[in-house]
Amino acid sequence: MNSGHDLREKLRIIGANLSFRHKILALVLAIIIFMGLAMALQTRAVLVTSLGQQLDQRSLATARAVAAQGSELVLTGNLYGLHQMLLDMQASGRDIRYIYIQDSWGRVLSHTFNGGFPVGLLAYNQLPPGKKESQQLLLTDEGVIHDAAVPVFGGQLGVVHVGLSEVGLRQAVFAATTRFVIMITIFSILFIVMAYMLTTILTRPIRELVGATRAVAKGNLDTTVTVSGHDEFSFLAASFNRMLDSLRRSRAEIEELSNLRSELLDRVVTAQEAERRRIARELHDDTGGALTAILLRLKALEDKVQGEKEVARSLAEIRAALGEAMAGLRCLALELRPVVFDELGLTGALQQIARDYSDKFNLKIHLAARGVEKRLPPKAELAIYRIVQEALNNVIKHAEASEVSILLEPRGEALRLIVEDNGRGFDPEASAYRKGLGLFSMRERAALLGGKVIIESTPARGTTIYVDIPITA
């Protein structure tokens with residue numbers, strides 16, 4: 001039961017993987033083989049039946065002839081002449097296996113057996129009194145024998161038995177069947193060749209259409225399908241070409257919108273960085289300078305009122321609070337635009353942000369920047385810095401990690417950045433993470449420079465972020 005099901009499943013899989021042309025060829029081949037076998041078996045059955053009937057008729061005719069010619073010899077007791085007549089009659093037909101004559105008492109008067117008459121043969125096909133003929137098939141070691149019994153002179157002088165062998169019949173049937181099978185095979189080969197040529201012609205539009213769909217699947221929309229005629233295939237090809245025209249227009253519109261979006265996004269990022277730089281400068285230069293001046297005046301005022309302990313303590317508290325505010329202000333200015341970014345470049349800025357996050361959040365950060373001693377284009381440096389900053393923010397907010405490794409090095413024509421943590425990880429396919437602004441921001445910054453971001457993460461097994469940015473960006 002299982003083997004039958006497995007066989008059907010294998011045939012179904014094989015059929016599903018065959019091309020349309022091969023399916024047609026397989027169907028034609030199966031029909032030809034089935035019809036050829038059916039015709040061969042039917043022809044063989046007709047031949048066996050027809051030749052068998054002919055053997056029966058010939059055995060009866062031969063027995064009647066022997067009875068007619070041998071009645072006078074039996075009546076005169078000329079057994080020698082009777083024996084010669086039986087031998088001559090047997091020689092007239094290759095399939096006459098034997099002839100023998102019994103007298104009215106059942107004794108064998110003459111026969112054609114060379115090694116003695118088989119007595120057991122008398123038990124078969126006994127002719128009842130008054131019956132004009134009798135036939136019976138005898139199964140022997142030599143094959144089937146058609147035995148015919150005919151009375152001699154109305155049964156008064158005995159009975160003639162003639163046995164015809166089917167060996168000749170079987171040989172004739174085998175020869176006829178072989179010739180028929182050869183003929184069927186030749187016609188089958190011709191039909192298969194014709195079917196192959198016909199399916200090649202008929203499936204050419206389909207194969208061309210399949211090739212076009214594969215080209216479209218690879219992104220090639222410049223392909224077209226030949227329309228030749230007004231049949232169903234031509235209608236399908238024309239519809240496919242119209243669909244390609246629509247896709248080409250849609251792609252052009254999408255590319256135009258994408259370019260416009262990238263341009264606008266680049267402007268937004270550039271304006272955002274300029275605004276961050278301005279705010280950082282104002283916080284550092286103006287606000288920071290003003291607070292420093294206030295801090296110095298508070299220090300001077302505190303020195304003047306040392307005799308008044310209450311006032312001096314209040315001034316000290318105000319100065320301490322102001323110092324904390326200045327520290328927060330410096331951190332804010334640093335996040336907006338690190339000073340060392342302009343002075344030491346990307347590597348220095350990454351080292352500083354690694355130290356800051358390590359000190360502030362008790363996070364062990366390993367940073368390795370190799371092969372990036374030369375300054376990169378400003379947009380590329382800034383994108384990498386912001387991506388690392390966003391990745392560290394995500395680690396602090398979500399990962400609950402204790403260690404982070406940052407690797408930056410050139411690989412081929414791109415700069416490869418890898419940020420890996422040992423945190424709790426997440427499912428990257430979950431919609432909540434796919435819609436996260438942090439990951440979206442990293443992807444957009446890389447895409448603006450022609451790069452890409454790949455995130456690999458598994459729950460409880462940490463997260464690894466791969467970023468590739470063209471060096472020429």
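Start by selecting R424 and E400: their side chains meet in a salt bridge, at 3.8 Å from N to O. R424 sits in the loop between β8 (414–421) and α10 (431–434), and E400 in the loop between α9 (378–399) and β7 (403–411), so this pair ties together parts that are 24 residues apart in sequence. A salt bridge here means a side-chain nitrogen of Lys or Arg within 4 Å of a carboxyl oxygen of Asp or Glu. Helices (H or I, at least four residues) and strands (E, at least two) are DSSP runs, numbered from the N terminus.

A word on what's loaded: this is a predicted model, where local features need pLDDT of at least 70 and side-chain atom pairs count only at pLDDT 80 or more, while totals for chains, interfaces and linings use all residues. Residues are numbered from 1 along each chain as its sequence is written, and side-chain values use heavy atoms, with hydrogens and water left out.

**Still on the salt bridges**

Colour that pair by accessibility. R424 is partly exposed at 44% relative accessibility, and E400 is exposed at 64%. The classes are buried for under 20% relative accessible area, exposed for over 50%, and partly exposed in between (1.4 Å probe, protein chains only).

Now pick D468 and R416. Their side chains form a salt bridge at 2.4 Å, N to O. D468 belongs to strand β10 (residues 463–470) and R416 to strand β8, so the pair ties together parts that are 52 residues apart in sequence. Is D468 buried or exposed? D468 is buried, with a relative accessible area of 16%, and R416 also counts as buried, at 17%. While you're at it, select R370, E409 and R411: salt bridges that share partners join them into one network.

Next, jump to helix α6 (residues 232–304), which holds both R267 and E263, 4 residues apart, or about one turn of the helix. R267 forms a salt bridge with E263, and the closest N and O atoms are 2.9 Å apart. R267 is exposed at 52% relative accessibility, whereas E263 is partly exposed at 40%. How many salt bridges does a search of the whole structure find? It finds 14.

**Annotated spans**

Time for the record. UniProt (unreviewed entry) lists residues 20–41 and 180–198 as "transmembrane region". UniProt positions follow the numbering used here, feature names are shortened, and annotations may be inferred rather than shown by experiment. Select 20–41: the span is 100% helix and 0% strand, and its end C-alpha atoms lie 32 Å apart. Residues 180–198 are 100% helix and 0% strand too, with end C-alpha atoms 26 Å apart.

Then select 200–252, which the unreviewed UniProt entry annotates as "domain: HAMP". Over these residues the chain is 72% helix and 0% strand, with 37 Å between the end C-alpha atoms.

**The sheet and the helix across it**

Show β1 to β5 as a cartoon. The 5 strands form an open sheet in the order β2-β1-β5-β4-β3, with antiparallel pairing. β2 and β3 stand at the edges with a single partner strand each, so one side of each has no neighbour in the sheet. Neighbouring strands are turned by 20° against each other on average, direction ignored. Two strands count as paired if DSSP finds at least two bridges between them.

Zoom in on strand β1 (residues 96–102), which pairs with β5 in the antiparallel sense over 6 bridges. Which residue stands opposite V160 in β5? That's I101.

Axes are lines fitted to C-alpha atoms, for helices over the stretch in contact, and angles run from 0 to 180 degrees between N-to-C directions.

Select N125, in the loop between β2 (108–111) and β3 (134–140). Phi of N125 is near 50°, a positive value in a residue other than glycine. N125 is buried at 4% relative accessibility. F153, in the loop between β4 (143–152) and β5 (158–165), also isn't a glycine, yet has a positive phi of about 55°. F153 counts as exposed at 56% relative accessibility.

**Zoom out**

Finish by colouring domain 1 (14–186) and domain 2 (344–472), as the domain assignment of the chain gives them. Domain bounds come from an automatic or database domain assignment. The centres of domain 1 and domain 2, taken over C-alpha atoms, are 97 Å apart.
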